[in-house]
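Have a look at the structure below, and then we can walk through my notes together.

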Amino acid sequence: MRRVEISEDPARAARQMWTLFEPVHAVVYFTPPPRAAFEAAGVRGFWRGYFAGRAAPFGAVGPAIVQATFYGFAPQMVRRALPSVWDMASPEVALTTRAAGSRASLQEVLGDVDVAEAAQLLRAAAESVDVVGRALAAANAALPWPEDPLDVLWHAATLLREHRGDGHVAALLVAGLDGCESLVWRSAVDSDRQILQPIRGWTDEEWEAATARLTARGWLDADGRATTEALAARDRIEASTDLLAAGPWQALGRENLVRLAQLMHPLASTLIKALPIPNPIGLVAPLAA
């Protein structure tokens, strides 16, 4: 097993660990078995399954809670799925379905790799998350833990990514960015409008209005390119996100963190090959150092 270096800096270590656990969670979005599982459960259409699976820890909520916590989605896109999706599958069914679909994907990609030790350590990190002010993390933390190591691995990765995501939303709020603005800004910095706009449901009119607001703010130039101020904001927001995500890894302790990174790196390196690059969540190859 290759040596994996993890930074002594808490924020940097948090970013490194994100690249190692996010591919485990992301199979629920980007591989076929989860979608097939939702369709078999009577939830047809990718986005219905997405909203049902990710919102299910909250219970049978309406669109308002999801718009607030998922942040970047256009309200009209959320309303197309919620609350009507609960007539197709209850939150309990959605939770079972997303877990079964994700497990099938992990089995398909990882084969018979022993994940027991990695699952145990990742669970230890996940169980230490501070959920105060973090709605999605709190909802997932309240769910019962599964028993099988592969299921534990996925659930732990999911809890950690929602914890990180809640912190990222907080950083965006502090920066004064609304949902659409955050996507317009990101598309100018390090992504693409053709990737982000369609999958978040914003109309051209809404996108252009957000562009105008960012231009007036000095974050975009007349051609829609990111300014120096926008790039500096990216560094501040990412740094805040990393720092807010550092708690679980500090709680795990240095020795366990290094061991977990060593165990997770080959898993993440295999899983990333099954995911699209580029992708809307900005996932890249695992950071080794």
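1. Let's begin with the largest pocket, whose volume is about 1400 Å³. On a 1 Å grid over the protein atoms alone, a pocket is an open set of points with protein on both sides within 12 Å along at least five of seven lines, and lining residues have an atom within 4 Å of a point. The volume is the space filled by probe spheres set on the points, which are joined across faces, edges and corners.

2. A word on the model: it is predicted, so local features need pLDDT of at least 70 and side-chain atom pairs pLDDT 80 or more, while totals for chains, interfaces and linings use all residues. Residues are numbered from 1 along each chain as its sequence is written, and side-chain values use heavy atoms, leaving out hydrogens and water.

3. Which residues lie nearest the centre of the largest pocket? They are His168, Arg200, Pro280, Ile281 and Gly282, out of 48 lining residues. Helix H9 gives the largest share of this lining, eight residues. (Helices are DSSP runs of H or I, at least four residues, numbered from the N terminus.)

4. There is also one cavity of 30 Å³ or more; a cavity is a set of grid points where a 1.4 Å probe fits but cannot get out.

5. Now find His25 in helix H1, which covers residues 10-30. Is His25 buried or exposed? It is buried, with a relative accessible area of 1%; buried means under 20%, exposed over 50% and partly exposed in between, using a 1.4 Å probe and protein chains only. Beyond its neighbours within four places in sequence, His25 is in contact (heavy atoms within 4.5 Å) with Trp154, Ala157, Thr158 and Arg161.

6. I count 21 salt bridges, each a side-chain nitrogen of Lys or Arg within 4 Å of a carboxyl oxygen of Asp or Glu. One of them joins Arg54 and Glu162, with the closest N and O atoms 2.9 Å apart. Arg54 sits in helix H3 and Glu162 in helix H9, so this pair ties together parts 108 residues apart in sequence. Both residues are buried.

7. Compare the salt bridge between Arg103 and Asp148, at 2.5 Å from N to O. Here Arg103 is partly exposed at 25% relative accessibility, and Asp148 is partly exposed at 29%.

Terms used:
Helix = DSSP H or I, 4+ residues; strand = E, 2+ residues; numbered from the N terminus.
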